[in-house]
Every structure is written in structure tokens, then in C-alpha cells.
Amino acid sequence: MYHSVAEEEEDPYLLTVSPDRFAAQMRWLAARGWRGVSMRELLAARAAGRRDRLVGLTFDDGYADFARHVVPVLRGYGFTATAYVVADRLGGDNFWDVKGPRKALLTVEQVRELADTGWEIGSHGMSHLALPGLPAELLAAEVRNSRQALAELLGGPVDGFCYPYGAVDERATRAVREAGYDYAVAIGHSALAGRFALPRCYVGDRDGAWRLRAKRGRHGLRDLVTELRRRGTAR
């Protein structure tokens, strides 16, 4: 789970990875035989029983630096990724990060070009609202309307949803399923973990080789524990 890749002096929410660090992280993956892919490709590979050596790369919020600093690096390794964009804020900025620096978001034209050249575009809601606790109509609109707006922009279906702030509850997962998404990504492991609350591993600017190895191991362990708990509940 990434957000922004840029040079930034202020980063109170720890959302930014420098271009040099990001390039080193991708080099680390490639050197170990891993290939970064979109969530769409990762899930299709898993369904076909061939997910080995694939890692899903996701970028929340749809920052303009995705096109500037991320795409060239990933293309160099033959990697892909998923960018989750805020449908009603394309071409705007991250107004929701009150204490952080203003960051430009991808424009309509950039999003369309990225999709046309093979990058997966997913929804991050209409306006980056945390979904738990929203009135039913607003919850449905944030989820359903953002999918419809992006589908019209891209000329094709939008399969993935990313919960703003990683905030998810049962009502939110149900709204995502009912809106027609194929999957949704969250952040942490929880009782809701599954197709519509896929847990991810946060990657930050401090993450060099040993920290990436540790995080990969921890994430795998948490996946195992979550699965064991699910099986225990099923019994």
C-alpha cells in the first residue's frame, strides 16, 4: 500500500515515499524474482492457481506524482499497479489531509490515458469520506456513484474499491458488493478480511531491504492467522 511518491519536506501522515527510495524498493522486488502487478491481475492469477512471485502494488488517493514518478519505474521492470482515485476530485488536491501539504491529484485526461495504456484504475469513493457511520443514502452514493462516474470516464467497468482511510465495517462491505465491484482493499487484518476487505501492507519511506523482508513475513503470518480464525468460526 502506497500513497504518494515525491520529494516532500513535510509528511505528517507518513504518506510519501521519495522517488529514490521507491526505485530502490522496486529494484529489491525485481532482484528477488517478484513481479509487481495490479490487484486485478493478482486476483485473476490467484483464481487460476498461478499467483506465485506476484505482489499487488496499490496507490491510494490518485496523486499526480503516480504518473510522474511511479509509472516510469514500474514500466522499466515490466510491473503494473492499481491507482485508486477519488472520482469527484480529479484534477483537484488532497483537501482531506488538513495538516499535510497540498498535493495535486491526477486529472481526468491522465486517468483516462493510464487506463488506456493498461493501468488499473479503481474507486476511492466520490469525495474521500470514511464510510462507517454514513447515512444509508450517502454510503450508497459514495460507493455506487463513484463506480458509475469512473466507468463512464474510462469506457469500461471499474472492478476495485479502496476504503478511504482504510475505514471499513460490515455495512461498507455490503454496499461495495451491492454496487457491483469485484473486490475491495482495506488496510489491516480484521474479522472482515476477505474479497471485500483485502488486507494490505503499508510501505513508507523508511522501508529498506530488511524492513521489507520483515513486513512481508509479518503480513504472511497475519494472513495465516486470519484464515485459521475464519476456519474456526466456520466450524
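The model is predicted, so local features need pLDDT of at least 70 and side-chain atom pairs count only at pLDDT 80 or more, while totals for chains, interfaces and linings use all residues. Residues are numbered from 1 along each chain as its sequence is written, and side-chain values use heavy atoms, without hydrogens and water.

Next, select H5, residues 136-154. Helices (H or I, at least four residues) and strands (E, at least two) are DSSP runs, numbered from the N terminus. At 1.5 Å a residue, taken times one less than the number of residues, the 19 residues of H5 should span 27 Å, and the end C-alpha atoms are 27 Å apart, which agrees. H5 bends by about 25 degrees at Glu142; the bend is the angle between axes fitted to the seven residues ending there and the seven starting there.

Colour the buried residues of H5, among them Leu139, Val143 and Leu150. Buried means under 20% relative accessible area, with a 1.4 Å probe and protein chains only. They pack against S6, H4, S7, S8 (160-162) and H6 (170-178), contact meaning heavy atoms within 4.5 Å.

Move to S6, residues 82-85. Thr82 and Tyr84 are buried on one side, Ala83 and Val85 on the other. Four bridges join S6 in parallel to S7 (residues 120-123); strands pair if DSSP finds at least two bridges between them. Ala83 has Ile121 as its bridge partner in S7.

Finally, select S5 (residues 58-59), which pairs with S6 in the parallel sense over two bridges. Phe59 stands opposite Ala83.

Conventions. Buried means under 20% relative accessible area, exposed over 50%, partly exposed in between (1.4 Å probe, protein chains only).
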